[in-house]
Amino acid sequence: MSENGFDAIIVGGGLAGSTAAYVLAQEGLEVLLIERGNYGGSKNMTGGRLYAHSLEKIIPSFAEEAPVERRVVKERICMMTEQDAVTMDFHSPRLAKNGSDSYVVMRGEFDRWLFEKAEEAGAVTAAGIRVDELIIENNRVTGVICGGEEMKADVVILADGVNSLLAEKAGLRERVKPCQVAVGVKEVYGLPKEVIEDRFGLTGNEGAACLFAGSPSNGLVGGGFLYTNKESISIGLVVGLEHIGESDKTIDEMLTAFTSHPEVAPLIKDGKLLERSGHVVPEAGLSMVSTLYGDGFLICGDAAGFCLNIGYMVRGMDLAITSGELAAKAVLEAKKRGNFSASTLKSYKTMLDQSFIMNDLDVYKNFPGFMGNPRIFNQYPAMLADIMADMFVIDGKPAVPLRKKAMKHLKAVGLMNLAKDGLKGVKSV
């Protein structure tokens, strides 16, 4: 153990924090992992998707022991109006190929498993403990204060979620802005395994991931999601916080309308409501990434703003895991040098820059701006639904060439708007 106390104190027992603790404990460092909830994952409301590549590198074949739900082999994207739905499905074994596979997980269970893996590796874990503030001496973070008790360490890793109040309170990072986050609400409906597989065309441990845009967010930036678990379905909404007060519906009313939609209601029919929860999630991509390191501290996971939402895909878990791993590697290098100043811990930023995290955030850095276009959530879903209706509705009236029907709807949106939005969309991806 360091003469200052622990080698590292990690605040937050989610994916980033537990990964960092696991990697450091595996290397023999004295680590304290502090979680405010009663157990690792107890506060995490996300029911979503884990891209396996990040954790597979750290714990090979982790899915054989971890509490994963289903391996995703089917993608569904749906554009919706209040009554209509235009859906695209992609079903492929390539989605389940080792190295590029992904799993639906219940974060409460999965985070608890990873938290316990860190403990098994040798980390000291403390659940049900709130860190009140950081100890800063001579402009360097030297520990934490919990319930009036001081605990010291060579380095503190902050992995305490999108509302990293510790870093903000200590002036270590910028205050999170409403335009950078979204409100997420989720419900979990219990259904028999056979019913889920029948409704989604799945077999065995196969799973489906579905994203919905348009009416679910009531015209605001955001959308709906649905993931198949073993014996339940996770369904919910993510809506940008900045304009949520401008809607004529509350987020609860949006969720009710979404789950009652003709496209969605049959998927959860007869399901027993098991859970309802809400959470704030990062949404702004690269523009949200603020301070990542300094004298005696590192920031990773959601606390660092590492989340990627590109409409048809939402990623956060794989970024959190790898950022926790890289934070641990930076601490190991600092331990080797006996220097925990910013000049040494900057290796964390160097490794991030060389990783998929900063690469992917940079590639899609313009996408949040593109998603701010209200036409994406209003006119375009309606335009697609109207074109599809003209293709398939037969009412006995004289036929009109489809190109003329389609052009009518394209002109309703505006050909110039279509061109501008199309160009901006292509540039953003």
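Rings of Phe, Tyr and Trp (its six-membered ring) form a pair if their centres lie within 6.5 Å; planes under 30 degrees apart are stacked, over 60 edge-to-face, and the rest tilted. This is a predicted model, in which local features need pLDDT of at least 70 and side-chain atom pairs pLDDT 80 or more, while totals for chains, interfaces and linings use all residues. Residues are numbered from 1 along each chain, and side-chain values use heavy atoms, without hydrogens and water.

| Pair | Centre to centre | Angle between planes | Class |
|---|---|---|---|
| F110 and W113 | 5.4 Å | 45 degrees | tilted |
| F367 and F370 | 5.6 Å | 55 degrees | tilted |

F110 and W113 are about one helical turn apart because they sit three residues from each other in helix α3 (residues 107-121); helices are DSSP runs of H or I, at least four residues, and strands are runs of E, at least two. F110 is buried at 0% relative accessible area, and W113 is buried at 10%; buried means under 20%, exposed over 50% and partly exposed in between, with a 1.4 Å probe and protein chains only. F367 and F370 are both buried as well. Ring pairs also join F62, Y103, F110 and W113 into a cluster.

Turning to the domains, 14 residues of domain 1 contact 16 residues of domain 2, contact being heavy atoms within 4.5 Å. Strand β3 (residues 47-51) supplies three residues, the largest share of the domain 1 side that touches domain 2.
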